[in-house]
Amino acid sequence: INAEYMGHKISDKVYVGLAGLATDNQTVYERIKFRSSLYKLREERDLSPKALASMISHMLYERRFGPWFTEPIIAGLDESNNPYVCAMDLLGADCIPGNFVVTGTCSESLYGCCESFWRPDLEPDELFETISQALLSALDRDCLAGWGATVVIITKDKSVTREIKCRQD
Amino acid sequence: STQSTWGMETLIGIACKSHVVLAASGGSGHSILQFKDDEDKLHQIDDNKILACAGSNGDSVQFSDYVARNLALSNNRQGRKTTGPNSAYFIRGELANSIRSRNPYQVNCLLGTFDPPLPELKRLNDETHQNKPDGSGSNLWYLDYLGSMQKIPYATQGYGGTFAMAILDRYYKEDQSEQETLEQLKMCIAEVRKRIVINQSKFIVKVINNKGITRLNDF
């Protein structure tokens, strides 16, 4: 229906991505936004990615016997600007591998692509190239995923959002 | 779904800079019998908003009435008219709650609005002599029965919608005139009539622009 996805921004340094049933993606994102705004008002600081992951994990497990059909990933820099990525299943079981996380319809392909392309200690520009190539390779082989791609690179000074051109089928 | 004609009702919505056009097939019936061919599925929930509902007969009327009354209540409480995005997110919330309830609303919707500028943003623009977005303009949202919502320039619901979407992909331009939009709509409806096996009867068409909502002659 639509080719626009917002890599959901929670703060300058923390982004969340949701894959799964569209209606639940939107509902869960609205709830996350609500909780993180409330946190920001109360604590007068942004949520760290670790705290956000914990919060989302609880939010999903609350619905253990009627879950939200959505599998989030959380990516960001913590207070000391160390990178943090976390993936969760629909019940909130989290996984913090340290290198990369994937989710979505072509997650198996993405695992393969990321495993091949990722190296430790990449610069922001190199990382952009790496992630774009991995994403595009997996997307092109998946009939359900595609129709455009958005990449967000989060560094300690800023976060840059870029749209990549890809096959429109 | 208890509705055996799920998908047989076509809705088409086209939003351009100066207007929003919504069309709905007029057929209303049960199984092989058609009760009416001029059922108006374009419910006016406010004087600048139309909620087109397709799906279960009873649900579409019940749901649009429910939304209209809640918006009226919200207008009274807030002391001003609900904005387009406000109403869209409200409707999405209701559909998302409904899908996990005991008896979900089985309606697929299109919401078209033409909003006046928000007073505070308009005043800000006037005072600073700028032309920033002030919340005014045309909007169209696609809402399905699960509660997924997308804000898009043109949208359809139903089996006939697939064909209409293809035509709009080819011809739609954001700044086209009302005349051009109605020409495209005619093309879409002709294609739907040609390709969908069920008789699509009349199409009720309404336009929302800065003058308000106007019902045009049925296509």
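Is C109(B) buried or exposed, and what is its relative accessibility?

Analyst: This is a predicted model, in which local features need pLDDT of at least 70, side-chain atom pairs count only at pLDDT 80 or more, and totals for chains, interfaces and linings use all residues. Residues are numbered from 1 along each chain as its sequence is written, chains are lettered from A and ligands numbered from 1 in the order in which they are written, and side-chain values use heavy atoms, with hydrogens and water left out.

C109(B) counts as buried because its relative accessibility is 0%. Buried means under 20% relative accessible area, exposed means over 50%, and partly exposed lies in between, with a 1.4 Å probe and protein chains only.

The cysteines may be considered next. A disulfide is a pair of cysteine sulfur atoms within 2.5 Å. C109(B) is in no disulfide, and its nearest cysteine sulfur, that of C53(B), is 3.8 Å away. In chain A, C113(A) is likewise in no disulfide; for this residue the nearest cysteine sulfur belongs to C114(A), at 6.7 Å. C113(A) counts as buried because its relative accessibility is 13%.

The strands of chain B come next. Strands (E, at least two residues) and helices (H or I, at least four) are DSSP runs, numbered from the N terminus. Strand β5 of chain B covers residues 42–46, and four of its five residues are buried. A hairpin of two residues leads from β5(B) to β6(B). Strand β6 of chain B spans residues 49–55 and runs antiparallel to β5(B), with four bridges between them; two strands pair if DSSP finds at least two bridges between them. Within this pairing, Q44(B) has I50(B) of β6(B) as its bridge partner.

Chain B also holds an open sheet of five strands in the order β10-β1-β2-β11-β12, with antiparallel pairing. Its edge strands in chain B are β10 (154–157) and β12 (212–215), each of which pairs on one side only. Strand β11 of chain B (residues 203–209) is joined to β12(B) by four bridges and runs antiparallel to it. There, N209(B) stands opposite G212(B) of β12(B).

L33(B) counts as exposed because its relative accessibility is 51%.
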